[in-house]
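Biologist: Walk me through this one, please. Pockets first, then the rest.

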Amino acid sequence: ERLRQEHAALQARILMRACSETSGSPLRVTGEQVDHLLTLVSRQAGHGRLSLPRLNAWRSFSQILLYERAAAFTRPEAVLLPVPGTAALAPGSPRILLARAGIRAQAYNKDSSPLDGSLAPGPFWLRAWRAGDRYRPSGCAQECSVQGFLQRRKIPAWDRFEWPVLEWQGQVIWARGLGVAADWCAGPGSANPIEIIEEQATARD
(Lines give C-alpha, C1' and ligand atoms only; values in the text may rest on other atoms or scores of the structure.)
Protein backbone atom coordinates (compact mmCIF):
# COMPACT_ATOMS: atom_id res chain seq x y z
CA GLU A 1 0.00 0.00 0.00
CA ARG A 2 2.81 2.43 0.83
CA LEU A 3 4.59 1.62 -2.42
CA ARG A 4 1.52 2.63 -4.44
CA GLN A 5 1.70 6.11 -2.92
CA GLU A 6 5.20 6.74 -4.25
CA HIS A 7 6.07 8.36 -7.59
CA ALA A 8 6.19 5.91 -10.50
CA ALA A 9 9.94 6.37 -11.01
CA LEU A 10 10.64 5.60 -7.35
CA GLN A 11 8.28 2.62 -7.51
CA ALA A 12 10.24 1.28 -10.47
CA ARG A 13 13.59 1.61 -8.63
CA ILE A 14 12.25 -0.07 -5.51
CA LEU A 15 10.74 -2.92 -7.51
CA MET A 16 13.89 -3.48 -9.58
CA ARG A 17 15.99 -3.57 -6.43
CA ALA A 18 13.59 -6.09 -4.87
CA CYS A 19 13.72 -8.21 -8.03
CA SER A 20 17.53 -8.19 -8.02
CA GLU A 21 17.64 -9.17 -4.34
CA THR A 22 15.19 -12.02 -4.93
CA SER A 23 17.06 -13.39 -7.95
CA GLY A 24 20.51 -12.81 -6.46
CA SER A 25 21.75 -10.68 -9.37
CA PRO A 26 20.57 -7.68 -11.44
CA LEU A 27 17.75 -8.41 -13.88
CA ARG A 28 17.62 -7.29 -17.47
CA VAL A 29 14.06 -6.21 -18.04
CA THR A 30 12.45 -4.25 -20.84
CA GLY A 31 10.62 -0.99 -20.37
CA GLU A 32 7.41 -2.79 -21.24
CA GLN A 33 7.98 -5.35 -18.48
CA VAL A 34 8.63 -2.55 -15.96
CA ASP A 35 5.39 -0.88 -17.04
CA HIS A 36 3.48 -4.15 -16.60
CA LEU A 37 4.98 -4.59 -13.12
CA LEU A 38 4.04 -1.04 -12.16
CA THR A 39 0.51 -1.65 -13.40
CA LEU A 40 0.27 -4.81 -11.31
CA VAL A 41 1.35 -2.89 -8.21
CA SER A 42 -0.56 0.34 -8.71
CA ARG A 43 -4.08 -0.82 -9.51
CA GLN A 44 -6.61 -0.46 -6.75
CA ALA A 45 -7.72 -4.09 -6.48
CA GLY A 46 -7.54 -7.50 -8.05
CA HIS A 47 -5.16 -10.39 -8.55
CA GLY A 48 -2.66 -11.25 -11.23
CA ARG A 49 0.72 -12.63 -12.19
CA LEU A 50 3.57 -11.43 -14.35
CA SER A 51 6.57 -13.29 -15.76
CA LEU A 52 9.97 -11.58 -15.60
CA PRO A 53 13.44 -12.89 -16.39
CA ARG A 54 14.10 -15.66 -13.81
CA LEU A 55 11.25 -14.39 -11.62
CA ASN A 56 7.49 -14.23 -11.35
CA ALA A 57 5.47 -11.48 -9.69
CA TRP A 58 2.19 -12.44 -8.05
CA ARG A 59 -0.39 -10.02 -6.72
CA SER A 60 -3.05 -11.12 -4.24
CA PHE A 61 -5.21 -8.49 -2.58
CA SER A 62 -2.81 -5.59 -1.91
CA GLN A 63 0.35 -7.70 -1.56
CA ILE A 64 3.03 -8.53 -4.13
CA LEU A 65 5.18 -11.65 -4.01
CA LEU A 66 8.37 -11.91 -6.06
CA TYR A 67 9.62 -15.47 -6.39
CA GLU A 68 11.94 -17.54 -8.52
CA ARG A 69 10.31 -19.35 -11.42
CA ALA A 70 11.46 -22.71 -10.08
CA ALA A 71 9.39 -22.26 -6.91
CA ALA A 72 6.33 -24.50 -6.77
CA PHE A 73 3.12 -23.73 -4.92
CA THR A 74 1.29 -26.98 -4.28
CA ARG A 75 -0.93 -28.28 -1.52
CA PRO A 76 1.01 -30.59 0.81
CA GLU A 77 -0.08 -34.12 1.57
CA ALA A 78 -2.19 -34.75 4.66
CA VAL A 79 -0.38 -35.93 7.81
CA LEU A 80 -1.78 -38.31 10.43
CA LEU A 81 -1.60 -36.58 13.82
CA PRO A 82 -2.03 -38.62 17.02
CA VAL A 83 -2.71 -37.35 20.54
CA PRO A 84 -0.31 -36.32 21.95
CA GLY A 85 1.64 -35.42 18.84
CA THR A 86 3.15 -32.70 16.68
CA ALA A 87 3.19 -32.32 12.93
CA ALA A 88 3.70 -29.73 10.20
CA LEU A 89 2.35 -29.80 6.68
CA ALA A 90 5.66 -28.79 5.10
CA PRO A 91 9.20 -27.80 6.12
CA GLY A 92 9.11 -24.30 7.53
CA SER A 93 5.37 -24.41 8.18
CA PRO A 94 3.99 -23.86 11.69
CA ARG A 95 3.75 -27.02 13.78
CA ILE A 96 0.39 -28.11 15.13
CA LEU A 97 0.69 -29.68 18.56
CA LEU A 98 -2.06 -31.74 20.18
CA ALA A 99 -1.70 -32.10 23.94
CA ARG A 100 -3.82 -33.29 26.84
CA ALA A 101 -5.25 -30.29 28.66
CA GLY A 102 -2.90 -29.00 31.31
CA ILE A 103 0.23 -29.95 29.36
CA ARG A 104 1.01 -26.47 28.05
CA ALA A 105 3.53 -25.66 25.37
CA GLN A 106 5.50 -22.44 25.54
CA ALA A 107 3.75 -21.11 22.44
CA TYR A 108 0.72 -18.91 22.87
CA ASN A 109 -2.37 -20.55 21.46
CA LYS A 110 -4.88 -18.08 20.03
CA ASP A 111 -7.42 -20.83 19.39
CA SER A 112 -7.62 -21.65 23.08
CA SER A 113 -10.91 -23.59 23.18
CA PRO A 114 -10.00 -27.24 23.69
CA LEU A 115 -11.32 -30.14 21.67
CA ASP A 116 -13.43 -32.78 23.41
CA GLY A 117 -11.30 -35.91 23.19
CA SER A 118 -14.18 -38.01 24.50
CA LEU A 119 -16.07 -37.26 21.29
CA ALA A 120 -13.09 -37.19 18.95
CA PRO A 121 -10.14 -39.06 20.48
CA GLY A 122 -8.01 -39.07 17.30
CA PRO A 123 -5.78 -39.67 15.54
CA PHE A 124 -6.67 -36.77 13.24
CA TRP A 125 -5.72 -35.78 9.74
CA LEU A 126 -3.81 -32.54 9.53
CA ARG A 127 -4.24 -31.21 6.01
CA ALA A 128 -4.43 -28.04 3.97
CA TRP A 129 -7.87 -26.49 3.55
CA ARG A 130 -9.72 -27.12 0.33
CA ALA A 131 -12.72 -25.67 -1.43
CA GLY A 132 -15.94 -26.75 0.23
CA ASP A 133 -14.56 -26.96 3.78
CA ARG A 134 -17.30 -25.68 6.11
CA TYR A 135 -18.15 -25.98 9.79
CA ARG A 136 -19.55 -24.01 12.71
CA PRO A 137 -16.77 -22.72 14.96
CA SER A 138 -17.32 -22.47 18.69
CA GLY A 139 -19.08 -19.23 19.55
CA CYS A 140 -20.65 -18.84 16.10
CA ALA A 141 -24.35 -19.23 15.40
CA GLN A 142 -23.93 -20.38 11.81
CA GLU A 143 -21.64 -22.44 9.65
CA CYS A 144 -18.93 -20.62 7.74
CA SER A 145 -16.60 -21.63 4.97
CA VAL A 146 -12.84 -21.64 5.41
CA GLN A 147 -12.53 -20.00 2.01
CA GLY A 148 -14.83 -17.16 3.07
CA PHE A 149 -12.74 -16.63 6.21
CA LEU A 150 -9.54 -16.43 4.15
CA GLN A 151 -11.11 -13.91 1.82
CA ARG A 152 -12.44 -11.76 4.65
CA ARG A 153 -9.03 -11.76 6.28
CA LYS A 154 -7.39 -11.01 2.90
CA ILE A 155 -4.97 -13.90 3.25
CA PRO A 156 -2.85 -13.83 0.07
CA ALA A 157 -3.14 -16.75 -2.31
CA TRP A 158 0.40 -18.06 -1.70
CA ASP A 159 -0.24 -18.33 2.06
CA ARG A 160 -3.36 -20.42 1.52
CA PHE A 161 -1.66 -23.50 0.11
CA GLU A 162 -0.58 -24.68 3.57
CA TRP A 163 -3.44 -23.22 5.65
CA PRO A 164 -4.05 -26.02 8.19
CA VAL A 165 -7.27 -27.73 9.20
CA LEU A 166 -7.87 -30.80 11.35
CA GLU A 167 -10.22 -33.48 10.08
CA TRP A 168 -11.91 -36.22 12.09
CA GLN A 169 -13.87 -38.94 10.31
CA GLY A 170 -14.39 -36.76 7.26
CA GLN A 171 -15.42 -33.63 9.17
CA VAL A 172 -13.45 -30.43 9.71
CA ILE A 173 -13.22 -29.89 13.45
CA TRP A 174 -10.61 -27.10 13.56
CA ALA A 175 -9.05 -24.54 11.23
CA ARG A 176 -6.37 -21.99 11.90
CA GLY A 177 -7.95 -18.68 12.80
CA LEU A 178 -11.42 -20.14 13.29
CA GLY A 179 -10.82 -22.52 16.18
CA VAL A 180 -12.58 -25.70 17.28
CA ALA A 181 -15.95 -26.73 15.87
CA ALA A 182 -18.84 -26.01 18.24
CA ASP A 183 -20.07 -29.62 18.22
CA TRP A 184 -16.62 -30.90 19.19
CA CYS A 185 -15.63 -28.25 21.71
CA ALA A 186 -14.84 -29.46 25.22
CA GLY A 187 -17.17 -28.24 27.94
CA PRO A 188 -16.41 -27.69 31.65
CA GLY A 189 -17.13 -31.33 32.44
CA SER A 190 -15.16 -32.91 29.61
CA ALA A 191 -13.07 -35.84 30.80
CA ASN A 192 -10.57 -35.65 27.96
CA PRO A 193 -9.97 -32.11 26.67
CA ILE A 194 -7.32 -31.77 23.98
CA GLU A 195 -5.50 -28.52 23.37
CA ILE A 196 -4.60 -27.50 19.83
CA ILE A 197 -1.49 -25.35 19.88
CA GLU A 198 0.25 -23.71 16.95
CA GLU A 199 4.01 -23.28 17.18
CA GLN A 200 5.89 -21.17 14.68
CA ALA A 201 8.68 -22.89 12.80
CA THR A 202 12.23 -22.14 13.85
CA ALA A 203 15.38 -21.75 11.76
CA ARG A 204 16.24 -25.39 12.54
CA ASP A 205 13.01 -26.72 10.99
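Biologist: How do the residues lining the second largest pocket divide: how many nonpolar, polar and charged?
Modeller: Six are nonpolar, one is polar and three are charged. Here Ala, Val, Leu, Ile, Met, Phe, Trp, Tyr, Cys and Pro count as nonpolar, Asp, Glu, Lys and Arg as charged, and the others, Gly among them, as polar. One caution: this is a predicted model, where local features need pLDDT of at least 70 and side-chain atom pairs count only at pLDDT 80 or more, while totals for chains, interfaces and linings use all residues. Residues are numbered from 1 along each chain as its sequence is written, and side-chain values use heavy atoms, with hydrogens and water left out.

Biologist: Which residues line the second largest pocket?
Modeller: Ala-72, Phe-73, Thr-74, Pro-94, Trp-158, Asp-159, Phe-161, Glu-162, Trp-163 and Arg-176. A pocket is an open set of points on a 1 Å grid over the protein atoms alone, with protein on both sides within 12 Å along at least five of seven lines; lining residues have an atom within 4 Å of a point.

Biologist: How much space lies in the second largest pocket?
Modeller: About 220 Å³. That volume is the space filled by probe spheres set on the grid points, which are joined across faces, edges and corners.

Biologist: How many cavities of 30 Å³ or more does a search of the whole structure find?
Modeller: One. A cavity is a set of points where a 1.4 Å probe fits but cannot get out.

Biologist: Which residues line the largest cavity?
Modeller: Ala-87, Ala-88, Leu-89, Ser-93, Pro-94, Ile-96, Leu-126, Glu-162, Pro-164 and Arg-176. That lining divides into seven nonpolar residues, one polar and two charged.

Biologist: New topic. How many residues are in the largest nonpolar core, and which have the most contacts inside it?
Modeller: This core has 32 residues. Leu-98, Leu-115, Phe-124, Leu-166 and Ile-196 have the most contacts inside it. A nonpolar core is a set of buried Ala, Val, Leu, Ile, Met, Phe, Trp, Tyr and Cys residues joined through side-chain atoms within 4.5 Å. Buried means under 20% relative accessible area, exposed over 50%, partly exposed in between, with a 1.4 Å probe and protein chains only.

Biologist: Which elements give two or more residues to this core?
Modeller: Strands E6 (95-100), E8 (124-128), E11 (164-168), E12 (171-175) and E14, plus helix H3 (146-152). E12 gives the largest share, four residues. Helices (H or I, at least four residues) and strands (E, at least two) are DSSP runs, numbered from the N terminus. A second, separate core has 14 residues, including Cys-19, Val-34, Val-41 and Leu-66.

Biologist: Why group nonpolar residues at all?
Modeller: Because nonpolar side chains tend to be buried together in soluble globular proteins.

Biologist: Where is Glu-195, and is it buried or exposed?
Modeller: Glu-195 sits in strand E14, residues 193-199. It counts as buried because its relative accessibility is 4%. Its C-alpha is 5.6 Å from that of Ala-101, though they are 94 residues apart in sequence.

Biologist: What is the order of the open sheet of four strands?
Modeller: E5-E6-E14-E7, with antiparallel pairing. Two strands pair if DSSP finds at least two bridges between them. The edge strands are E5 (85-87) and E7 (115-116), each pairing on one side only. E5 and E6 share three bridges. Thr-86 has Leu-97 in E6 as its bridge partner.

Biologist: And the open sheet of three strands, what order?
Modeller: E1-E2-E3, antiparallel. E1 (48-52) and E3 (63-68) are the edges. Five bridges join E1 to E2, residues 55-60. Gly-48 pairs with Arg-59 in E2, and Leu-52 stands opposite Leu-55. Two residues lie between the strands of the E1 and E2 hairpin, where Arg-54 takes a positive phi near 70 degrees.

Biologist: Which side chains along E1 are buried?
Modeller: Gly-48, Leu-50 and Leu-52, which point to one face.

Biologist: Last one. Is Leu-40 buried or exposed?
Modeller: Buried, because its relative accessible area is 6%. Leu-40 lies in helix H2, residues 31-42. Its C-alpha is 7.0 Å from that of Arg-59, 19 residues apart along the chain.
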